[in-house]
2 protein chains.
Amino acid sequence: MTDELPPFLNRRGALSSLAALGAIGLGSSARAQQPKAASAPADPTPPKAPDQTRKAEPNASHPSPADQPGVVSRPVVKTQSDILYRPAIHFSPTSGFMNDPNGLIFDGTHYHLYYQYDPFAPYAGRVHWGHAISTDMLHWQDQPIAIPETKDGEAYTGCAVMDAKNASGLFSTTQTTGSDAAQGGIAAIYTRASPHRQAQYLAISHDNGRSFTEYAHNPVLDIDSNSFRDPQVTFHKPTNQWVMVVAKSRLHQIAFYASIDLVHWVHLSDFGPSGLFGVDYECPNLIEISQEGGGTRWVLFVSVNPGGPTGGSTTQYFVGDFDGTRFIPDDTVIGLTDFAKDAYALQVFHNMPQNEAVSIAWLSNWQYCQELPTQSWRGIMTLPRTMTLRRDFAGWIRLAQMPRGLEALRGPAIPFAARRLAAGSSAQVALPPGVALDLSMSVTVDERPRDLPLGDKGRTGRFVIVFGNEEGESLTIGFDAFSGQLWLDRNDLHGFAQPFFTGQFSTVLNPDDRHFDIRIVMDASTLEIFANGGLSVGTALIFPASPLDFLRLEASGAAATVEKLSLYPLQKVMDRETAV
Amino acid sequence: MTDELPPFLNRRGALSSLAALGAIGLGSSARAQQPKAASAPADPTPPKAPDQTRKAEPNASHPSPADQPGVVSRPVVKTQSDILYRPAIHFSPTSGFMNDPNGLIFDGTHYHLYYQYDPFAPYAGRVHWGHAISTDMLHWQDQPIAIPETKDGEAYTGCAVMDAKNASGLFSTTQTTGSDAAQGGIAAIYTRASPHRQAQYLAISHDNGRSFTEYAHNPVLDIDSNSFRDPQVTFHKPTNQWVMVVAKSRLHQIAFYASIDLVHWVHLSDFGPSGLFGVDYECPNLIEISQEGGGTRWVLFVSVNPGGPTGGSTTQYFVGDFDGTRFIPDDTVIGLTDFAKDAYALQVFHNMPQNEAVSIAWLSNWQYCQELPTQSWRGIMTLPRTMTLRRDFAGWIRLAQMPRGLEALRGPAIPFAARRLAAGSSAQVALPPGVALDLSMSVTVDERPRDLPLGDKGRTGRFVIVFGNEEGESLTIGFDAFSGQLWLDRNDLHGFAQPFFTGQFSTVLNPDDRHFDIRIVMDASTLEIFANGGLSVGTALIFPASPLDFLRLEASGAAATVEKLSLYPLQKVMDRETAV
């Protein structure tokens, strides 16, 4: 019995290479780099078994936008907005439209960031997998398109896993040059989407993730649905199998499948419906995360769009256990990863040393992502974030997120001596305009003055952080000491307006606590707030018409003590044209 | 066995009357009507068994605000805002501060609205039960304070039930004059709250809800907690018992108790933790609601504050079954009753004919309720709303809410012929300023013009409803046809600003549907939106600095057909000083 493997373990699917399609979309304008759809790509590694081969070709039946009658081709012109709003330390595409992060993985040397990408136009359309690599998740180097749209459909969201032992059997053909039979590599599992079908595809990379070759017998998982997408695969050691989570989007369920070879999948269980009402459930991600103080829990992330309570896109999470077959939530408490509305499709990195839990999300919202003021490019990723679990004030286990590795980008501290602010006073410092900033603070607001009536305006004791400029724009983050709540207001920035681009958000930190800590990273059109040690995170696009060039702290209603304050410029790491 | 009742069923607790305290807070300024705390209330019905008596007295150890050193007494002066923002068809208190609705019940003739009420000041403080009655839930008549604060604590949120058969045994003492032994009446179950204890109290009314006499052996339920409140009691016919739901607020659990006499309570089960993260879970309400198309489901409403995703207060609901012992949710889907943020502490009416499900919520949010621009009064109730369950586009069973009985208040229709709007065009009609309005519309936006590119601004096809004035203020409700989403924007009204008074909200109606229906009720400082047949409800305080005196419809990006439009003024029903 033991020496007879199941037949599928020895199956060697013939492969066709997509590598030749990888040359587009790198570093210059999208319009100039349409794929040569008419010319057949050269396949450097022709498959041995022609009968099992399916050429992966650009979708000939889906012409480029310029070929479509009545469609206005959009000239790519870099506008002032394209430069002003281009982040210096966040990943954004050279041109075209980017949404979900995909296939986040560490290969032992490089981190890989793949992403949903339409290189042809700055709005969602024909989705490929874009690609960048980095050694620190911050300095990203653009790579060729990794997985293109084909006649089977667009390349929707998915994951990459390290098939180090060649469990798929797909690596040890003659296509790999000089490798030993047990030598594997990176495999991608993702959704091919046509209007009528969404099914899960497998592709492997012979060049360490630079290009992918599709498995010939794709799809590897097809349930005859047009609402079945975004597989994420994890190797589950206790049961020695790969586990896939994938969204039955309109059913609001997350399906679990198992495989020992990444090719053949067995249905394990369904989770849900569970969570908020909404239209589509997307991008499930399952990961075991360390709990501060010891132990781990499994966390299932599920993105929803539209239907987020703050409007449009939102990301939920559930804390529980995974037993190899099903996800058992500890309770039916629903967490939201963000109190603002611009962090969607959170994905976790695979194959991290010491099982470090790190995520990247798309820093946008489907409600307005296609109308943003940039013209030649749209789409930004959040900073990489280290995730832990921590008990909050009430004992609930909650997600904590903090930016990862940002300290290495800090320049010399900007001096700002603000220690004690009397009620009604403020302190201000000039900022280098257009430079990314990293502000950390720890503040305690004084007790409520006794000579003011309860309630009413006398009740307020607020500490306000204002980033502003002389043109009257301001971005405000404030803390109401007597309700323990934090607010964010991007309404007084004048670079963008749209009905769903809501301006104000709030969250509760610790009730009955006049102390708060906060870390704020501001980079061109991005703002990320990590309050309460990362238990409350707010992610927001911001569009000042002019750079914000001062920081002002205000104590309103009650005095406040600034126990800690550090303010650093962050060095530009992305090779893009930015304001500075 | 059968003829021997359990001892508690024959227990006749002595009662002390609270009626003498009921004279305050009716119809004139709060400051002039502080209770005479020093004068002992006359008890018209002295108990037979003095040893079981506990006098319910105003809290002598809790002096009135004016007695507290260092507390500034607030003069009650009616300001222009007090009049301008006073609704004409929504209940609001004559003066002082109102929050949660309590004890909603139909007695066969009148509907009773009790409410959390501090008659002394326009911010939360010393909570009594205010009271009003009505024969239609719209024309409310003010009544004396029904349940005051006592030395045992403030009178927090609770319910009223019809103890028609005197199951409590508390009605058939010599205190009731000439009644037969089986004659019962209205009983109230509510929380008495002191800083260190929250316990459930019982009181009965001998005058049909006008005043209440506390049970002498209160509390009837005490678990030695300072976070245990807001009981709601329902008679559960299948198990022939009263069932209480009550919040273990900081544990985020709803506890279920049973009783056959309203006096003795047995713990049945706990539900949760289930729902969104937040600080305090409050005001649970359990009700069986008809499902359109047949059948019923049980719905458990749970309010959360703070921690609502749109900031501060929010109301969640769970759909499931109740078997007499525990609530079993159909799934772990969480509904929110509102897509805006000003509908909290939803309560249902008891004893309704044909089990009609009707609710009233508090039309405010704890984030700013104590800082609103009115000075002599604060707090408004939502319109009464008929609740049903309906399957939405995806098949989910969801709450639908529509205003109840409003048609009776309609005056002559305001003529407004808007049938077809070309892209970029608008139609406008003058409004009688300051008059409550009832607007119903049904609109279909044309298909997207084919000569516009996908995505980007060309993607928009929006239908916009604007209430405005010549001073440049506007209140906007808009529909984005190609994402099926609705927005509300109160930001361009100039009467109130506060960091948490967020201006913009949105929700999704039916995806892939360019049609929408909407009903909008605007009344002074209140706005209630019922879209999609009541599946999407938005409740918002609005503070125009001047009355909004025109209504404009705009078709943006694509033409639209107005299939139905009716616009009515609504007759003032509340005896309060309003703008008109």
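Both A:Phe91 and A:Tyr115 are buried, where buried stands for under 20% relative accessible area, exposed for over 50% and partly exposed for values in between, computed with a 1.4 Å probe on protein chains only. This is a predicted model in which local features need pLDDT of at least 70 and side-chain atom pairs count only at pLDDT 80 or more, while totals for chains, interfaces and linings use all residues. Residues are numbered from 1 along each chain as its sequence is written, chains are lettered from A and ligands numbered from 1 in the order in which they are written, and side-chain values use heavy atoms, with hydrogens and water left out.

The structure holds 58 aromatic pairs over all chains, a pair being rings of Phe, Tyr and Trp (its six-membered ring) with centres within 6.5 Å, called stacked with planes under 30 degrees apart, edge-to-face over 60 and tilted for the rest. Among them, A:Phe91 and A:Tyr115 form a tilted pair, 5.1 Å centre to centre with 50 degrees between the planes. In chain B, B:Tyr190 and B:Tyr201 also form a tilted pair, 6.4 Å centre to centre with 40 degrees between the planes; B:Tyr190 is buried, with a relative accessible area of 0%, and B:Tyr201 is buried at 6%.

One aromatic cluster is formed by A:Tyr85, A:Tyr368, A:Phe496, A:Phe501 and A:Phe543. The charged end of A:Arg490 sits over the ring of A:Phe501, 3.8 Å from its centre, by the rule that NZ of Lys or CZ of Arg is within 6 Å of the ring centre and within 35 degrees of the ring normal. In chain B, the charged end of B:Arg490 sits over the ring of B:Phe501, 3.7 Å from the ring centre.

Over all chains the count comes to 48 salt bridges, each being a side-chain nitrogen of Lys or Arg within 4 Å of a carboxyl oxygen of Asp or Glu. Three of these are listed here.

| Salt bridge | Closest N and O atoms |
|---|---|
| A:Lys151 with A:Asp152 | 3.8 Å |
| B:Lys151 with B:Asp152 | 3.8 Å |
| B:Glu292 with B:Arg390 | 2.8 Å |

B:Glu292 counts as partly exposed at 39% relative accessibility. Salt bridges that share partners also join A:Arg229, A:Arg250, A:Asp280, A:Glu282 and B:Asp512 into one network.

Chain A can be laid on chain B with an RMSD of 0.0 Å by a turn of 180 degrees and a shift of 0.0 Å along the axis, with copies superposed by least squares on the C-alpha atoms of residues with pLDDT of at least 70 in both. The two copies are therefore related as by a two-fold rotation axis.
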